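Subject: Structure for your review

Dear colleague,

Please find below the structure that I am handing over to you. My notes on its pockets and on selected residues follow.

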Amino acid sequence: MIFFKEVFDFILPRFCATCKKKLKTNEEVVCYDCLREIKTVSDEKIAFAFGNKFKESSIITEFSSLYLFEKDKPVQELIHQLKYRQKFLIGKFIGSNLGRSLKRKSADWQLDLIVPVPLHHLKLAERGFNQSFYIAKGLESVLKIKVENNSIKRKRYTQSQTTMGIEEREQNIKDAFSIKKVEKIKNKNILLIDDVITTGATIRECGKLLLDNGANKVYAASGALAY
Ligand SMILES: [Zn+2]
């Protein structure tokens, strides 16, 4: 196998998603040098984030995340490449690593379905794909839990939230989603997936909608966590 991989890498070299150096045969998507610079989120940070983003509203049962989002670091480039350069393999890479982390840390979560946070159809057309969907597919391959991509719809084209404060984000996202297929989510324990969680407003809004429409429990996880 290694031999064939080496041959393929020789004919069709693969490059690191963040530093663009040629990948070695045993490296996947991100080279080891960059990977060392990408920090995973500690359990303390996850507990702290759950406390200030989700606990009060009682919508999200439990929450986890994989990488610590840092500006001007490889993790930012990784998310950027996934979102705007249509590198779906990055999504699957993040998703399967997140899946392995959840298997270790969150084995007691009882999950029936994985639901990625949807994009508005115009944004989907403009961007080419929904990055959260590919993270969800990576999770599916590790957790063996089905991705349900068509249960929630984003009905409003929302502004990019990157420069907004907490309250602006809350207003921007309010009533932005609707349920498409109630029968798919009824009485189900759902894992909501987003690429990056910042204030948590998007996750709370989707989670509330799922619970209001008969979902049993909503858990949340993201590829990266921003502070
Ligand atoms: Zn690299």
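Is glutamine 131 buried or exposed? The model is a predicted one, and in it glutamine 131 has a relative accessible area of 4%. Because the limit for a buried residue is under 20%, glutamine 131 counts as buried. This residue is placed in helix H7. Apart from neighbours within four places in sequence, its contacts are Leu82, Lys83, Leu119 and Asp195.

For orientation, 25 Å separates the C-alpha atom of glutamate 56 from that of threonine 158, and the two residues are 102 places apart along the chain.

Two or more lining residues come from each of helix H4 (74-84), helix H6 (121-127), helix H7 (131-143), helix H8 (166-173), strand S5 (189-197) and helix H10 (201-212). Of these, H4 contributes the most, with 5 residues. Sorted by class, the lining of this pocket comprises 14 nonpolar, 15 polar and 11 charged residues.

The second largest pocket has a volume of about 380 Å³. Its lining consists of 16 residues, and Arg14, Phe15, Leu23, Val29 and Leu89 are the ones nearest its centre. Helix H5 (residues 88-105) gives the most to this lining, with 4 residues. By class, the lining of the second largest pocket holds 9 nonpolar, 2 polar and 5 charged residues.

Which domains supply the lining of the second largest pocket with at least three residues each? Both domain 1 (1-37) and domain 2 (38-225) do so.

With kind regards

Technical notes: Residues numbered from 1 in each chain as written. Predicted model: local features only at pLDDT ≥ 70, side-chain atom pairs only at ≥ 80, totals over all residues. Heavy atoms only, no water. Nonpolar A, V, L, I, M, F, W, Y, C, P; charged D, E, K, R; others polar. 1 Å grid on protein atoms, 1.4 Å probe; cavity = no way out; pocket = protein on both sides within 12 Å on 5 of 7 lines; lining within 4 Å. Points joined across faces, edges and corners; volume = space filled by probe spheres on them. Domains from an automatic or database assignment. Buried < 20%, exposed > 50% of the residue type's maximum accessible area, 1.4 Å probe, protein only. Contact = heavy atoms within 4.5 Å.
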